[in-house]
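Thanks for sending this one over. Here are my notes, written to be read with the model open beside them.

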Amino acid sequence: MREGATQCIKIDDMEYEVFESLLHFIYTDKLSDSCRDDKAIAMRHLLVATDSYAREPASVCCTHFIFSTALDGKIKAWLYDNLGSRVDYDAPGHWCTTMAYSADGSRLFSCGTSKDGESHLVEWNESEGAVKRTYQGFRKRSMGVVQFDTTRNRFLAAGDEFLIKIWDMDTTSLLTTIDADGGLPASPRVRFNKEGTLLAVSTHDNGIKILANADGARLLRTLENRSFDASRSASETVTKPLMNPLTAVAAVSAAAAGTSSGNAAASAITAMNGDNRSLVDVKPRIVDESLDKSKISRLIYTNSGVAILALASNAVHLLWKWPRNDRNSTGKATANVSPQLWQPPSGILMTNDITDNPEEAVHCFALSKNDSYVMSASGGKISLFNMMTFKTMTTFMPPPPAATFLAFHPQDNNIIAIGMDDSTIQIYNVRIDEVKSKLRGHSKKITGLAFSNVLNVLVSSGADAQVISLNYQVKI
């Protein structure tokens with residue numbers, strides 16, 4: 001080898017500082033100080049050098065990064081050292097931007113819509129921090145924020161112009177469009193399942209349509225057949241619920257043979273899944289003319305995994321429980337059996353206090369660790385409900401300011417963190433009806449709160465695009 005015949009090896013395609021940082025990373029698995037002093041360009045060069053000269057560390061280096069987006073149009077690359085972002089990219093569109101990798105993690109994409117309605121779907125060259133490919137096919141002014149998803153390391157899907165638009169990852173021109181038999185909003189949300197056989201699409205009436213290829217339709221029929229007997233016996237023995245569930249339609253919208261829109265849908269799903277079998281219609285299983293038209297504002301699984309709790313825009317809570325039977329011996333969440341809307345024998349509802357302008361209210365709730373209580377707000381006072389009886393235990397903290405996010409302390413259900421629309425966080429003791437402390441740091445309303453289960457840390461996020469970690473000792 002040449003290294004054995006000479007004591008000096010000349011490297012022409014790399015700067016001295018970059019090579020020094022590369023050697024430091026290879027031998028220590030850490031970044032040198034020169035990469036920590038706001039050296040965005042040096043970081044990009046280091047990524048290129050790592051891929052060129054150190055194949056194994058390249059994959060390790062990539063695992064040190066977290067990408068984030070914000071409303072200011074910036075895409076940031078963060079390291080797990082809590083010292084701030086290392087690389088900043090300007091996202092095309094400079095506004096609402098989301099990012100997603102291909103299934104194998106080798107390709108990075110982003111989709112954003114500017115305040116003027118200009119939408120951009122692009123692929124990034126991560127090592128250079130530059131746009132590698134820009135996809136065509138959006139109208140000049142999108143009517144909403146465009147959402148997208150990837151599947152099978154080959155295709156991209158985005159909702160725009162009341163349609164689902166499909167691209168091949170390697171081709172910038174639009175592959176095809178799907179209208180899903182109509183009923184889509186201007187910018188529908190789209191999401192593929194892991195296998196790429198099902199595509200969920202939001203509808204203008206707050207429902208969901210599921211597009212399926214032959215494999216996906218076969219999967220749905222299998223699940224439907226497994227739960228048919230259980231569903232039939234349940235429908236024969238359970239009386240009609242006192243309150244109708246909200247629209248929860250899982251309608252597979254496929255093409256009617258011989259129609260142009262149907263052929264487009266079939267060809268798109270066929271292309272994405274590499275077969276030439278036609279789509280199969282699967283009809284909606286939930287139809288009720290008296291369905292409540294309110295929207296679901298918040299939705300979570302219970303901590304025990306046996307139920308789903310929702311908070312609607314009309315300030316009413318809905319609880320679905322999975323029945324325990326021969327097809328679901330654990331009584332926990334499963335795709336084999338449908339959950340049933342549940343109410344206590346009294347028939348009362350868990351309903352929040354509301355303001356004069358319920359449309360502008362921020363809905364939020366939190367479950368205690370044992371699922372015994374739910375704390376909730378819909379713009380008015382905060383309510384504490386008993387999950388077994390649905391009775392209101394207490395109400396407190398009338399606005400202003402109004403609560404925008406709630407969190408129970410993991411060790412004491414009487415200690416709660418309350419994020420407010422005036423940007424403050426209040427630590428409240430329910431037992432003694434007292435605010436123990438008021439935390440500041442954000443400049444806009446609080447959008448998220450989370451207690452650590454093992455550390456005395458409360459993490460908060462706000463509409464100011466900031467995430468703050470607070471050390472906090474709770475006196476129990």
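**Notes on the model**

1. Let me begin with a pair of strands. Strand β9 (residues 155-160) runs antiparallel to strand β10 (residues 163-168), and six bridges hold the pairing. Within it, D160 stands opposite L163 in β10. Please keep in mind that this is a predicted model.

2. The pair belongs to a wider arrangement. Four strands make up an open sheet, ordered β8-β9-β10-β11, with antiparallel pairing. The edges are β8 (148-151) and β11 (176-178); each has a single partner strand, so one side of each is left without a neighbour in the sheet. From one strand to the next, the twist averages 25°. If you are looking at side chains here, in a regular strand they alternate between the two faces of the sheet.

3. How far can the coordinates be trusted? The chain has an average pLDDT of 74, and 66% of the residues score at least 70. Residues 54-64 have a pLDDT below 50, and this stretch has 17 contacts in the model beyond near neighbours in sequence. Residues 229-291 also fall below 50, with 111 contacts in the model beyond near neighbours in sequence. Where pLDDT is low, the predicted coordinates should not be read in detail.

4. Next, a hairpin. Strand β16 (residues 296-301) and strand β17 (residues 307-312) run antiparallel and are joined by five bridges. I300 stands opposite L309 in β17. Five residues lie between the two strands of this hairpin, and in the turn G305 has a positive phi of about 75°.

5. Which residues have the most contacts inside the largest nonpolar core? They are M375, I382, F396, A403, L406, I416 and I418, in a core of 16 residues. At least two core residues come from each of β20 (363-367), β21 (373-378), β22 (382-386), β24 (403-408) and β25 (415-420).

6. Now the charged pairs. Eight salt bridges turn up in a search of the whole structure. One of them links D170 and R107, whose closest N and O atoms are 2.9 Å apart. D170 lies in the loop between β10 and β11, while R107 lies in the loop between β4 (96-101) and β5 (108-113), so the pair ties together parts that are 63 residues apart in sequence. Are the two partners buried or exposed? D170 counts as exposed because its relative accessibility of 52% is over the 50% cut-off. R107, at 16%, is buried because that is under 20%.

7. Another salt bridge returns us to the sheet. R154 pairs with D168, and their closest N and O atoms are 3.4 Å apart. R154 sits in the loop between β8 and β9 and D168 in strand β10, so this bridge connects parts that are 14 residues apart in sequence. R154 is partly exposed, with a relative accessible area of 42%, whereas D168 is buried at 15%.

8. Finally, K436 forms a salt bridge with E434, with 4.0 Å between the closest N and O atoms. Both count as partly exposed: K436 at 46% and E434 at 36%.

Conventions: Residues numbered from 1 in each chain as written. Predicted model: local features only at pLDDT ≥ 70, side-chain atom pairs only at ≥ 80, totals over all residues. Heavy atoms only, no water. pLDDT = per-residue confidence, 0-100. Contact = heavy atoms within 4.5 Å. Pairing = 2+ DSSP bridges. Axes fitted to C-alpha atoms, helices over the stretch in contact; angles between N-to-C directions. Core = buried A, V, L, I, M, F, W, Y, C linked by side-chain atoms within 4.5 Å. Buried < 20%, exposed > 50% of the residue type's maximum accessible area, 1.4 Å probe, protein only. Salt bridge = Lys/Arg side-chain N within 4 Å of Asp/Glu carboxyl O.
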